[in-house]
Amino acid sequence: MTGAPATPAANATVARTTTITLTFSERLTPKLSTATLIMTGMPGMANHPDMKMAGVTSAVSADGKSIVLTSAKPLPAGSYRADWVVIGADTHRITGKHSFSVR
């Protein structure tokens, strides 16, 4: 299984958003596939520690090939990383990271 296009794209800088979509080449096992959104940097704070974003949910999409992270509020300016763990039909566990920024 491979990761495919994501929205926002890897290392992209985007306007404020409430949704991050990570798409994979195979169907995922919903109960065992998840993602967490981490803020890794904030403008004006040189030593911003990594911070798990509160109010963000993770769910497998209806087609079973994407994980959708949804924030209750638009993400503030900063840099972010989505850490994901997925299990496909072949039962192999795969992990990864996806980074982007919000202006």
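User: How many bridges join S4 to S8, and do they run parallel or antiparallel?
Analyst: Seven bridges join them, and the two strands run antiparallel. Keep in mind that this is a predicted model.

User: Which residue stands opposite Asp83?
Analyst: Thr36 stands opposite Asp83. Asp83 itself is in strand S8.

User: What else does Asp83 touch, skipping residues up to four places away in sequence?
Analyst: Thr34, Ala35, Thr36, Ile38, Gly96 and Lys97.

User: Which side chain makes a polar contact with that of Asp83?
Analyst: The side chain of Arg81 does, at 2.6 Å.

User: Back to S4. How many bridges does it have to S5?
Analyst: Two bridges join S4, residues 34-41, to S5. That pair is antiparallel.

User: Which residues in S5 do Met39 and Ile38 face?
Analyst: Met39 has Met51 as its bridge partner. Ile38 stands opposite Lys52.

User: Zoom out. What is the strand order in the open sheet?
Analyst: The order is S2-S9-S8-S4-S5, five strands in an open sheet with mixed pairing. S2 and S5 (51-52) are the edge strands, each pairing on one side only.

User: Now the hairpin. How many residues lie between S6 and S7?
Analyst: Five residues lie between them. Gly64 sits in that turn and has a positive phi of about 80°.

User: How many bridges hold that pair, and which way do the strands run?
Analyst: There are five bridges between S6 (residues 56-60) and S7 (residues 66-71). The two run antiparallel. One partner to look at is Leu69 in S7, which is bridged to Ser58.

User: OK, what is phi at Asn11?
Analyst: It is positive, about 65°, although Asn11 is not a glycine. Asn11 is also in the loop between S1 and S2.

User: Is Asn11 buried or exposed?
Analyst: Asn11 counts as exposed, because its relative accessibility is 65% and the cut-off for exposed is over 50%.

User: And Thr91, what is its phi?
Analyst: Near 70°, again a positive value in a residue other than glycine. Thr91 is in the loop between S8 (78-87) and S9 (93-102).

User: Buried or exposed, Thr91?
Analyst: Thr91 is exposed, with a relative accessible area of 61%.

User: Last one, Thr17. Where is it?
Analyst: Thr17 is in the loop between S2 (13-14) and S3 (19-24).

User: Is Thr17 buried or exposed, and why?
Analyst: Thr17 is buried, because its relative accessible area is 18% and buried means under 20%.

User: What does Thr17 contact, leaving aside neighbours within four places in sequence?
Analyst: Lys73, Pro74 and Leu75.

User: How far apart are the C-alpha atoms of Thr17 and Lys73?
Analyst: They are separated by 8.3 Å, with the two residues 56 residues apart along the chain.

Key:
Residues numbered from 1 in each chain as written. Heavy atoms only, no water. Helix = DSSP H or I, 4+ residues; strand = E, 2+ residues; numbered from the N terminus. Buried < 20%, exposed > 50% of the residue type's maximum accessible area, 1.4 Å probe, protein only. Contact = heavy atoms within 4.5 Å. Pairing = 2+ DSSP bridges. Polar contact = N/O pair within 3.5 Å; in protein donor to acceptor, adjacent residues only side chain to side chain.
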